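I opened this notebook to record what I looked up, entry by entry, with the sequence and the coordinates side by side.

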Amino acid sequence: VLAEYRKRAVWADLDASQAESLAVSGAGSSFGLRKEGESWVDSARPNDPVDAAAVTDTLAALAALKAERFVIDNDSK
């Protein structure tokens, strides 16, 4: 059997339009964003502007992530 019938969505039920916050961390740095009305605010620097379109695009990309393949299948015995 060559077909793979498992769900490939990385996140279960992630609706980018319903997100209220986004936290990103890695390589010694991190930042957090929170939604206020229709705009996004940097938690550490609330007076700095945040590109809402870029945040929306990022959330949409995260919601659309699909697994390309699985490393191990514990149930295939």
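How much accessible surface does the protein have, and what share of it belongs to carbon and sulfur atoms? I read about 6,600 Å² for the accessible surface, with 52% of it belonging to carbon and sulfur atoms. I note at the outset that the model is predicted, and I read every entry below with that in mind.

Entry on the elements. I counted 1 helix and 3 strands in the secondary structure, and, going from the N terminus, I wrote down their order as β-β-β-α.

I found that the 3 strands form an open sheet in the order 1-2-3, with antiparallel pairing. Strand 1 and strand 3 (39–42) stand at the edges, and because each has a single partner strand, one side of each is left without a neighbour in the sheet. I also noted the angle between neighbouring strands of this sheet, which are turned by 20 degrees against each other on average when direction is ignored.

Entry on the first pairing. I recorded 6 bridges between strand 1 and strand 2 (residues 29–36), which run antiparallel, and within this pairing I saw that L22 stands opposite L33 in strand 2. The hairpin of these two strands has 2 residues between the strands, and I noted that A27 takes a positive phi near 45 degrees there.

Entry on the second pairing. I then followed strand 2 to strand 3 and found antiparallel pairing over 4 bridges, with R34 standing opposite V41 in strand 3. This hairpin also has 2 residues between the strands, and here I noted that G37 takes a positive phi near 70 degrees.

Entry on the salt bridges. I counted 3 salt bridges in the structure. Returning to R34, I found that this residue forms a salt bridge with E36, the closest N and O atoms being 3.0 Å apart. I checked the accessibility of both partners: R34 counts as partly exposed at 32% relative accessibility, and E36 counts as partly exposed at 40%.

Which residues are linked in a network of salt bridges? I found D42, R45 and D48 linked in this way. D42 forms a salt bridge with R45 in which the closest N and O atoms are 3.5 Å apart, and R45 forms a salt bridge with D48 in which the closest N and O atoms are 3.3 Å apart. For accessibility, I wrote down that D42 is buried, because its relative accessible area of 10% falls under the 20% cut-off, whereas D48 counts as partly exposed at 37%.

I looked for a nonpolar surface patch and found one of about 340 Å², made by V10, W11, L14 and L65. I placed V10 in the segment before strand 1 (21–26), and I noted that V10 is partly exposed, with a relative accessible area of 41%.

Methods:
Residues numbered from 1 in each chain as written. Predicted model: local features only at pLDDT ≥ 70, side-chain atom pairs only at ≥ 80, totals over all residues. Heavy atoms only, no water. Patch = residues over 30% accessible without salt bridge, like charges linked within 9 Å, V, L, I, M, F, W, Y side chains within 5 Å. Areas by Shrake-Rupley, 256 points an atom, 1.4 Å probe, with all protein chains shown as cover. Salt bridge = Lys/Arg side-chain N within 4 Å of Asp/Glu carboxyl O. Buried < 20%, exposed > 50% of the residue type's maximum accessible area, 1.4 Å probe, protein only. Pairing = 2+ DSSP bridges. Axes fitted to C-alpha atoms, helices over the stretch in contact; angles between N-to-C directions.
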